[in-house]
Amino acid sequence: MNYEFFDAHTHANLAAFREDYREVVQKVLDAGGGLINVGTQRDTSRRAVEIAREFPEGVYATIGLHPVHTSASFHDEEELGGGEAARAFTSRGEIFDSGYYKKLALDPKVVGIGECGLDYYRIGNNESEIRERQRTAFLEQMKLSFEVKKPLMIHCRDAFDDLITILISNPDFLIPGNPGVAHFFAGTKENAERLLELGFSFTFGGVVTFVRSYDEVIRMIPMERIMSETDAPYVAPVPYRGKRNEPLYVQEVIKKLAEIKGVSEEEMRRITVENVRRVFKI
Ligand SMILES: [Zn+2]
């Protein structure tokens, strides 16, 4: 199958799309695009796999435990819905269960492990304990990624020094040449350089259409290491700001990336699709 564009990191598997995920996905396929739904904990990971199985082509999944779900502090109705089960679940936090995730990881529609990583942005009390839980869950997911030979889908916020230290200290758990992707990269140029040396690729989303502070890093990253994403339902690109984001809107991101890189939109579509297919073996 040929793709016109690809949303390398989206969440049609979350509660925000419960009513209309099928239409939302079908719109992308009808426009010639493809997408990867990204799991964030047990239920959303399983859901990402289920949705991928519903469509013969163009819809893939990654499975994993997001760092914010390793502790009790985080609950977002857009993500898990507002039900009792969601509240009970998030009140205790999740311990990464390798057996559960490995079963999901072996599904042929699963193309990566994550989103996993570190997020020190929203941390409250018990900081050191929470950081430790996040680091442990991340290392477990590095091991799984290496074992099943599917690259990491990394989420990192305000924690690049620790993240890079873990990556460098555990080279045996990185897939040589293609360890994974730093999703919605928001680190420094130096962080990007370290990750490039380790073989990582990068995705950028809606924020690049209205915040200019990413331009310098985007110009620095080689063309063969850049991908487009939406992270829908979060952070819609211009001209959809303030609305629920959708994977179809990734085309606005590609337009902007082309402008920043000084290439045609056509070229940017082609290269981002090519990169997604190479990195995730699609
Ligand atoms: Zn995400």
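Hi everyone, let's begin with D158, which sits in the loop between β5 and α7 (160–169). Before I go on, a word on the model: it is predicted, local features need a pLDDT of at least 70, side-chain atom pairs count only at pLDDT 80 or more, and totals for chains, interfaces and linings use all residues. Residue numbers start from 1 along each chain, following the sequence as written. As for the element names, helices (H or I, at least four residues) and strands (E, at least two) are DSSP runs, numbered from the N terminus.

Back to D158. For context, most residues other than glycine have a negative phi, and most peptide bonds are trans. Is D158 buried or partly exposed? D158 has 14 C-beta neighbours inside 10 Å, so it counts as partly exposed. The cut-offs are these: a residue with 20 or more other C-beta atoms within 10 Å of its own is buried, one with 12 or fewer is exposed, and one in between is partly exposed, with C-beta atoms placed from the backbone.

F184 also has a positive phi, of about 40°, although it is not a glycine. You will find F184 in the loop between β6 and α8 (189–198). F184 counts as buried because it has 24 C-beta neighbours inside 10 Å.

Now for some peptide bonds. Which residues does the cis bond with omega of about 10° join? A232 and P233. P233 belongs to the loop between β8 and α10 (250–261). V238 to P239 is a cis peptide bond as well, with omega near 5°, and P239 lies in the loop between β8 and α10.

On to the sheet. The sheet is open and has eight strands, in the order β1-β2-β3-β4-β5-β6-β7-β8, with parallel pairing. Its edge strands, each pairing on one side only, are β1 (5–10) and β8 (226–228). From one strand to the next, the twist averages 25°. Packed on the sheet is helix α1 (residues 21–30), which touches β1, β2 (33–38) and β3 (59–63) and makes about 145° with the direction of β2. Helix α2 lies across β2, β3 and β4 (110–119), and runs at about 160° to β3. For those who like the details, axes are lines fitted to C-alpha atoms, for helices over the stretch in contact, and angles run from 0 to 180 degrees between N-to-C directions.

Let's walk across a few of the strands. Pairing here asks that DSSP find at least two bridges between two strands. β4 and β5 pair in the parallel sense over five bridges, and C116 stands opposite I154 in β5. How many bridges link strand β5 (residues 152–157) and strand β6 (residues 180–182)? Three, again in the parallel sense. There, L152 stands opposite G180, and M153 has V181 as its bridge partner. Five of the six residues of β5 are buried, so β5 is largely enclosed by the rest of the structure.

Last topic: helix pairs. α10 and helix α11 (residues 265–279) pack at an angle of about 110°, and their axes are 8 Å apart. That angle makes α10 roughly perpendicular to α11. The scale I use is roughly parallel for angles under 35 degrees, roughly antiparallel for those over 145, roughly perpendicular for 65 to 115, and oblique for the rest. I254, K255, L257, A258 and K261 in α10 meet E265, E267, M268, R269 and T272 in α11. By class, that contact of α10 with α11 has four nonpolar, one polar and five charged residues. Here, contact means C-beta atoms, placed from the backbone, that lie within 7 Å. For the classes, Ala, Val, Leu, Ile, Met, Phe, Trp, Tyr, Cys and Pro are nonpolar, Asp, Glu, Lys and Arg are charged, and the others, Gly among them, are polar.

The other pair is helix α2 (residues 42–54) and helix α5 (residues 98–105), which pack at about 15° with axes 10 Å apart. That makes α2 roughly parallel to α5. R42, S45, R46 and V49 in α2 meet Y100, Y101 and L104 in α5. This contact of α2 with α5 has four nonpolar, one polar and two charged residues. Thanks, everyone!

How values were computed: Two residues are in contact if their C-beta atoms, placed from the backbone, lie within 7 Å.
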